[in-house]
Structure formats: C-alpha cells, structure tokens
Amino acid sequence: MLSDNNSMASYRKGIDWITLLLYVLLVAFGWANLYAANYNPEAGAQFSFGSEYFKQLVWIAISLICGGVIMLSDSKVFVVAAWPVYVFSLLLLTVVLFAGKEVYGAKSWLMIGPVAFQPAEFTKIGTALVLARIMSRYGFSFTFKSYVRLFAVILIPVAYILLQNDTGSALVYFVFLLAMFREGMTPHILIIGSLCVGVAIAALLLDAPPVLIAVSLAGFVAMHMLMARQQFTWGAPLALGIGVFVGAALWAVMTFILDKPLLEDYIILAAMGASSLTALVLKVVHRLHGLVWLLAYVWIALAMAFGTSYAFDNILGDHQRTRINVLFGIEDDPLGAGYNVNQSLIAIGSGGLVGKGYLGGTQTKLDFVPKQTTDFIFCTVGEEWGFIGSAVLIIVYVIFFLRILSLAEKQHSVFSRVFGYCVAGVFFFHFTINVCMTIGLMPVIGIPLPFFSYGGSSLWGFSMMLFIFLKLDTDRNFLIR
C-alpha cells in the first residue's frame, strides 16, 4: 500500500506523533508503577516471569502489534467493520451470561485457556464505531427515529453488562451522549441526565419525601415564571391548589374512611399528577408554550427520586448499600466497605509533597491497599511520587484528552469526528472515576485507570480505540463514510 519513499514519508507525516508520544509515556509510566506495586525488597529475584508486571509487558507488546496492524489498514475498513464488530461483541456478551467467570461479584470474564478477558472492554469499540457510522450517513438528522436507533445501540450492551452485575462498565457507555451532543443532539437530554444524577444523590442523602416536595415546589415556581411571561399569572396557583386539594382528600379518605394510612411518597405523587393534568389543560386552552418540557423535567426528577429510594431499599444488596452510605458519610465502616478507600487515602497522604521515592512506598510494599494494581493503582503514584508527581500525571492526562478533542475537531469526516469524541469521552470517564474512587469522592465500582491498571482487556481496548482514531486522523482531509 505504501510502495515508495515519498508515500511512506507522507504517511509518517500524517501520524500525530504528539498523541502517540503521550500514549507511550502513559503506558511506560503505568508499567513502572505497576512494577512498584509488585516490588518486594526482600525477594531474591526482582523480575519474575509469572508476575503481573511481566504479564503486563506481554499485554503492552500485543497492544503495540495491534496498533501497528491498525495503522497499516485502510481507514474505510472501520466503517465497513462497524456493525460486524458490534454484533460480534454482543455475541461475546451473550456467551458471558452463560459461560462467564465471576470475579469480585461480576460475571463478566471469558476464559480462553489460561487467559481471561472482558468482552465489555471491546464492546465499547464496536458501539463507538456504529454510532459514528449512523451519524455520518448522508442526510442524517436527530429525528425521533434516529434517537431510537442511537439509544438502542447504546442501551443494548448496557443491559447485557448490567445482567453481568458490572455496573461500573455499564455506566461508561453514557459518555457517548457527548459525541451525540457535539453533532446536534438536543441539550434537553444532557440536562435531564444531570438532573437525574443530582436528584438521585439528594434522594440517597435525604430520603424520598423531602426531595419529592422540593422538586414539586421548584416545578411550581418554574411553572409560575413560565406562565407569567406569557401573561397568565393565575395558572400555577390554580394547579397548585387543585394538587393540594387532591392530596389532602386522598390522605383523608385513606386514613379516616378506609383506615389504611398512605405513604407520603404516594400522596405527593398523586397531588403532582392532579396539578400536572390541570397545567396541561391550561396549556391547551390558553396555548401556553414550553410547559410540556417543564412538566417532563419535573416528572423525570420525581421518578428518579422515588425510584432511587425504592431501588436503594429493595433492589441493592447489603454490601452495595453500605458502600453508598460510607461514601456519603451516613455510615462509618473503616474495616469493611470503607477499608480500601481508607488505606488508599493513607497511602496517598503519606506521600506528602514529593513522595517517598520510586520503590519506596511502605503502604504499597506491605500490601495494605487491596486491588492496588487494578482499581487503586493511582495511590501508588501518590505515595511514591507525592502531590507533585500526581499533579504532573493529571496534567499529562488532561493534555492527552484535549489533544484527542483537538484532533477530532480537525476531521473533515463526521465518522472520524464522532469516533474521536467517543474515544476522548471513554478515556476521560475512566480517568475521572478511577481517581475519584481512589480519593474517596466516588463509590468503588471497578473502573480501571487507562494504561495504568493491570489487565490485558482494558489495555487492549484502550489502545485499539486510540490507534483506530489515530489511523482515521491520518486521513483527516478526506471524507470517510
């Protein structure tokens, strides 16, 4: 394909060497810290062929080989292969449900001889390719049919992964909404998503009734402001009055006539239902604008508050509830659910400003931090390299993310741009959640740190996504569809 020196030179010039260099730096520094996490000063031999750091070297070599093959491929191959890769990855997820290996409560691994791999890491590649292909089709626009297709592509693997009890890996897929937003998706979806997160956290901290009341009152205030701007000032008070009347009547009937006390949650929801119906009638009669979206926001928030409280009490396991309570300071379990995070914080804090030096981490050497080579690899950085080393690493990651986004914006092809945004979103989500897990700002949900955490599946998945985008970037001036 590259038959002469001129074409080879042109090809080399098209590769973004800065991004490739950042990748190599992160992989190399990640392996060095993995070695440090396994280092035992009392052992006679400091390099074992059966150790995690040796296996990681093998995974790195395989990643580079895969990257080389990808870079020598034709960019259009990834357009053609999008659906086959996606469907094949779903087939692997199906096999996992029946023949998967359970690790730390998640049945998400397949065994091929002595090698275990996680299909969910590769499904992200297929999902990103399919989303890019759909949105790069000629004449694409965000219609109802398009939303159904795009959300189906995202939610099908999410459902499979949730059935494997791997919530952390499932959450990653929602970062693909950022790529959709870049291509013109309505901002209402991102606003609703942010609203759901905020309401869910509030419901966990305060329980459902106070949050339902707060959402309802906020909805009435917004409704009044919306109607007042359209010269209809008495509409919101009328809806509020009817809602209060229905709620009070329901409570009185259930308490004094049927002698069956009704929960506060249901009274509030019934009152809001009556108010919403009143508001919709007023919207039709007086031709009010914007009321449907407002009511959609309110009811999604109400459903999230009620659903979060119900799921927390009736669906989550005891250990999951304990982890959430420890995270928000509701419970204190330093020897149980909070042990990993506490030990991680001790390790990071002990590093101080400049750290204890490479291979000098005592918390690391004495195995105080469980899963230190996977979920908590960042605490090795904090202990041995200190605040300065951790800050430098974070800066390198941020430059890496911004570089990918910058390259994505330069793409002439929508396919390449969408895929670039998907890659940046996946990397940023993993980085943010993993670091926040390590310092106790997020619950421990098993999210690896890109290029640092031990494991072939995650390293291969991250590397392949990056190299596919770098290959697409070599043809940034051409239309790939």
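## Helix α3 and its buried face

In helix α3 of this predicted model, the residues Y53, Q56, W59, I60, S63, G67, I70 and M71 are buried. Here buried means under 20% relative accessible area, exposed means over 50%, and partly exposed lies in between (1.4 Å probe, protein chains only). Seen down the axis of α3, the buried residues fall within an arc of 105°, so they line one face of the helix; the arc is that of the directions from the helix axis to the C-beta atoms. The face turned away from this buried side carries the exposed residues I65 and V69.

Helix α3 comprises the 20 residues 52–71. Helices (H or I, at least four residues) and strands (E, at least two) are DSSP runs, numbered from the N terminus. The expected span of a helix is 1.5 Å times one less than its number of residues. For α3 this gives 28 Å, and the end C-alpha atoms are 28 Å apart, which agrees.

Strand β1 (residues 101–103) pairs with strand β2 (residues 106–112) in the antiparallel sense over three bridges. Two strands pair if DSSP finds at least two bridges between them. E102 has K107 in β2 as its bridge partner.

Strand β2 is also joined by three bridges to strand β3 (residues 115–117), and β2 and β3 run antiparallel. M111 stands opposite A116 in β3. The hairpin of β2 and β3 has two residues between the strands, and G113 there takes a positive phi near 65°.

## Threonine 127 in helix α6

T127 belongs to helix α6 (residues 119–135). With 0% relative accessibility, T127 counts as buried. When neighbours within four places in sequence are left aside, T127 is in contact (heavy atoms within 4.5 Å) with Y86, V153, I154, P157, Y173 and F176.

The whole structure contains 29 aromatic pairs. Rings of Phe, Tyr and Trp (its six-membered ring) pair if their centres lie within 6.5 Å; planes under 30 degrees apart count as stacked, over 60 as edge-to-face and the rest as tilted. F29 and F452 form an edge-to-face pair, at 5.7 Å centre to centre and with 80° between the planes. F29 lies in helix α2 (residues 17–38) and F452 in the loop between α19 (414–438) and α20 (456–474), so the pair ties together parts that are 423 residues apart in sequence.

F29 is partly exposed, at a relative accessible area of 22%, whereas F452 is buried, at 1%.

## Basis of the values

Residues are numbered from 1 along each chain as its sequence is written, and side-chain values use heavy atoms, with hydrogens and water left out. Local features need pLDDT of at least 70 and side-chain atom pairs count only at pLDDT 80 or more, while totals for chains, interfaces and linings use all residues.
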